[in-house]
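Hi,

Here is the structure I promised to pass on.

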Amino acid sequence: METLQQRNRMEAIRRSAENIRSSNLLNDTFVSIALEDADACQYVLRTILGTDDLNVIAVKSQYRLLNLTAKDSILDVFAQDNRGRLMNLEIQRRDTVNHARRTRFYSSMMDKSILDKGLNYDELPDVYVIYISETDLWHAGKTIYIVEKTLGAGREAIPYDDGSHIIYVNAEVDDGSAIAQMMKYFKSADPDDMSHGDLSKRVRYLKREKGGYERMSAEAEELYNLGIEDGMEKGAAKSTTAAVIRMLQDKLPVEKIAVYQNMSVDEVRKIEAQMQSEA
């Protein structure tokens, strides 16, 4: 017999699936699902880069790049083309982040992941970070901004190509280009608009067909489970912090607390400093 907890879980997953399904392509969850389809991803990349000879041979959505010494990064869409170029498509709706440094971080993480596999510097492939925003981040009235690197400036500038490419695209400015038309479609994600080839086919599938709804439900269930795990981790962290505070109040040595709680001495000292600042 189905319990109340099970019914609540299924209802939460159903609502989440509907929310994803009703989203547009400026929603990072929906676009990740849409562009995990190689043909749809290829359509977007060909439009932005202005080339018809780009063929996507592999694509992954919500791809996690592991970093042992800093925070991990999760790429919305990570693709490789037939020339070995690596491409990261990122959706950004917030204006509170430093966009230039964020793209720098993603580009460096991609390079590091390649070098970690044993390649030499001269074997590094070209890397593209394509940053798609809802608004014109640079306020210069352009649909697309391509970062160009040079040695020097003006007439004496020398092109500088290190294989790292950063492109900003926004859905606010309509300059009449094919990119601007696609960005309009990103904002609507209308399943009845079939004017954008394989991208339109993918959106229609996700929003109108049974298999698409099942894919949304699977994503919603995964997000639900991750939320529970995250809550449990946060709860465990709070419990550990409370235990450390009690031990500090009982005057136990920091080194001994670290051993008892399976923490580093520095972590215990941070909690001690925080406790003292709040006293």
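There are 12 salt bridges in the structure, a salt bridge being a side-chain nitrogen of Lys or Arg within 4 Å of a carboxyl oxygen of Asp or Glu. Before the details, two notes on the source: this is a predicted model, where local features need pLDDT of at least 70 and side-chain atom pairs count only at pLDDT 80 or more, while totals for chains, interfaces and linings use all residues. Residues are numbered from 1 along each chain as its sequence is written, and side-chain values use heavy atoms, with hydrogens and water left out.

One of the bridges pairs E36 with R202, with the closest N and O atoms 3.2 Å apart. E36 sits in the loop between α2 and α3 (38–49) and R202 in helix α6 (residues 197–208), so this pair ties together parts that are 166 residues apart in sequence. (Helices are DSSP runs of H or I with at least four residues, strands are runs of E with at least two, and both are numbered from the N terminus.) E36 is partly exposed at 25% relative accessibility, whereas R202 is buried at 12%. For those words, buried means under 20% relative accessible area, exposed over 50%, and partly exposed in between, with a 1.4 Å probe and protein chains only.

E219 and R215 also meet in a salt bridge, at 3.3 Å from N to O. Both lie in helix α7 (residues 210–249), 4 residues apart, which is about one turn of the helix. Here E219 is buried, with a relative accessible area of 11%, and R215 is partly exposed at 23%. E36, R202, R215 and E219 are linked in a network of salt bridges.

Then there is R85 with D81, a salt bridge at 2.7 Å, N to O, in which both residues are buried. D81 belongs to strand β2 (residues 73–81) and has a relative accessible area of 1%. Leaving aside neighbours within four places in sequence, D81 is in contact (heavy atoms within 4.5 Å) with L54, N55, V56, I57 and M87.

What about the nonpolar side? The largest nonpolar core has 40 residues, and those with the most contacts inside it are L25, L89, I132 and F186. A core here is a set of buried Ala, Val, Leu, Ile, Met, Phe, Trp, Tyr and Cys residues joined through side-chain atoms within 4.5 Å. A second, separate core of 15 residues includes M110, I114, L137 and Y145. Not counting residues up to four places away in sequence, I132 touches L89 and F186, and its other partners include L26, I48 and V169.

D28, in helix α2 (residues 28–34), is partly exposed at 36% relative accessibility. Away from its sequence neighbours within four places, D28 is in contact with Q62, D76 and I91. The C-alpha atoms of D28 and L89 are separated by 9.9 Å, though the two are 61 residues apart along the chain.

For the overall picture, the protein has 9 helices and 8 strands. Of its 279 residues, 35% count as buried. Among contacts with a separation of 6 or more, 57% come from residues 24 or more positions apart.

Cheers
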